[in-house]
Each structure stands twice: as C-alpha cells, then as structure tokens.
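Reader: I'd like to learn how to read aromatic pairs in a protein model. Could you walk me through it?

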Amino acid sequence: MPPPPPPLGRPRRKPAHPTGFGDPALDDAGLVAARTALAQGRWTEARALLAATGDDWDRRGHRMMALAQEPTAAAWAGDWRLVEPESADAPVLLACATVHRAVAGKARPDKARAACLDSAERVPHDPTPWLGLLLLERTSGREEDVVRLFDEVRLRHPVHHHAHHLMVERLAERRPDTGQDPLHEVYDFAAWAAEQAPPDSPLAVLPVIAHAERFRVLARAGMVPGDPKRSGHWTGRRARLVMKAAFDWWLEWGDPYDRAGTVHPRSRIDLNFLAHAKYCEGRPAEAAALFHRIGPHVTTAPWSYGDQDPYEAFRTARDAALGAV
C-alpha cells in the first residue's frame, strides 16, 4: 500500500543521503576518528595523527583540510597552539580552519591570509599553508596571485594533488561563454601536468578532471544541457582519447601507492571523476569496474555538476552500469 500524501502545504521530505556520502575524509579511518575527537573537544588525537603523517605532503594536506572543515576546528586549534606554542601542526590547522571559515563567509579573508602566512613562516618546507592560501584565492583572487600561490605549492611538492585540482577548477572557469572549445587552456594545463608527473602519479587522471570541470562551467552558463549524459560533452574525439588514456593508466597502476605502501589519500576522488566520465561516455562495463572500486566512498563532485542531486546522480549511474554487466 503506498504511503499517504503529505499534509496540504507540506512537501514530502527528500530522503537523506547515506551516512558518509561526500565525506571529505574518504577512506581514512584514522582521520575520521581524529575528527570525531576534535568535534568533542579533544585535539590530542589530531596531534597524534598529524605527527604520524610526517612529510607525506598529499596525505598531510588531505588530513589537514578535512580536520579544518570541522566547525569547531579553529577554536580547538587555537587552544592547542596556546598549550603547545612550539607545535608546527597547530598553527597550520588553525590557518586552514580559518580559510574554510573565510570561504564560508564566517571569517575575514585578511585574517585567513595572515594565519596562513604566519604558519608558512613556521614551517617553510610545508606546502599546506600555501595550499590554504590557494584555496582562499581560488574563486576571487587575481590571476597572477593564484598562479604565484600554485607555484609556491609546487616548489615544495611538484605533484601536489589537491593544488592541481584547484588550478584546474580555476582555469576551467575562464571564458565560460565559448562553448565546447577543444583548445581551452584548462585542457592544455591538465595535459602538461600529467606529462610532467611520474608514471605512477594520479595526476595522470587530471585531464579527466579538466573535462568535468569544464562541463560544470558550461552547464552553469547554459551552453550545454545540465544532464551530463545528454550533453555530448564526453563523446567528442578528444574526450574519448582522454578517457581511454586515463582508464588504461588505472588498469596498469590500479590505486597508486605512496612510499609508505598505502593507497594515495585522494585516490577515491579520481575514481569518482573517472567513473562519472565513463558513464557519461557510454562505457558501462568500464564504469562498473570503477564503481566496484569506489565502494561507499562517494564524493559530491562531479555527481552534482549540472545542478544534479549528487546522490541520485551517483546511484542512477552506478545502477545502470552494474545492471549493464
């Protein structure tokens, strides 16, 4: 028997997304535990986690940014810094948390910039404070400032995953009204970065990211249909070559491992973008293999692109791909 209609004037509530959907911690169990403790006012778990991370810069940036998104992170990082003024991690976490608050309109951007520059002076070899500045300036910063900050990150870690994604997002937003231009600069940048990286680097997937980010911009500008499957954005010759190269790389390297023998901390982001591309391209068998590998670690982007409900878009694509095989 179908459920009764909602009372007049009160629309039926949409089902909530599953727990963990879009969680920036991804599959990092230690990060999830430390973030939970931080939310409860215990920063010692975050201190231990970051100390164990060391100078694995991609993992440090991933963990620092995920911790920084916790609403109470700035307050507890400030307390941590007062208790342990010699800590190199507390000021970086405070800076990143202030950046997230500034991006959300809850803190002044100049306060976030000052916090990042202060932490950069304390840990001059760490790219994370510069990553924070890049995140802050990505949307509204001047072009030359964004490029300079990206160069500061690359100076310390040339293959920084998150920083390259931020640059692709920014470049894709240039010239939004040119339509599906195969010569757009975001594609050249992504191809250059992939070629410069070592063979096992996940930056090999960056051209796929560029394609999705360009679709996001074109759909927002009304240049292509908002439904990515109907947009035709993934069916051109260049798009097909990019998707094939990225999928072949994944087949060869699988999940890239870092020097500690663990999977790259942001690999699930790349897998979501690649699965999305393969589904939109009309290659369900290849998409199904990627959906199996993603498991429960679903990212909001790119499933939300084209003003889609990310959970519904992901579930529809996954069910169609798995059903086809």
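Author: Let's start with Phe291, which is buried, at 4% relative accessible area (buried means under 20%, exposed over 50%, partly exposed in between, with a 1.4 Å probe and protein chains only). Bear in mind that this is a predicted model, where local features need pLDDT of at least 70, side-chain atom pairs count only at pLDDT 80 or more, and totals for chains, interfaces and linings use all residues. Residues are numbered from 1 along each chain as its sequence is written, and side-chain values use heavy atoms, leaving out hydrogens and water.

Reader: How many aromatic pairs are there?

Author: A pair of aromatic rings is described by the distance of the centres and the angle of the planes. Rings of Phe, Tyr and Trp (its six-membered ring) pair if their centres lie within 6.5 Å; planes under 30 degrees apart are stacked, over 60 edge-to-face, and the rest tilted. That rule gives ten aromatic pairs. In one of them, the centres of Phe273 and Tyr305 are 6.4 Å apart with planes at 65°, so this pair is edge-to-face.

Reader: Are Phe273 and Tyr305 buried or exposed?

Author: Phe273 is buried, at 4%, and Tyr305 is buried too, at 9%.

Reader: And what does Phe291 pair with?

Author: Phe291 pairs edge-to-face with Phe314, at 5.4 Å centre to centre and 70° between the planes. Phe314 is buried, with a relative accessible area of 2%.

Reader: Which residues form one aromatic cluster?

Author: Phe150, Phe189 and Trp192 do.
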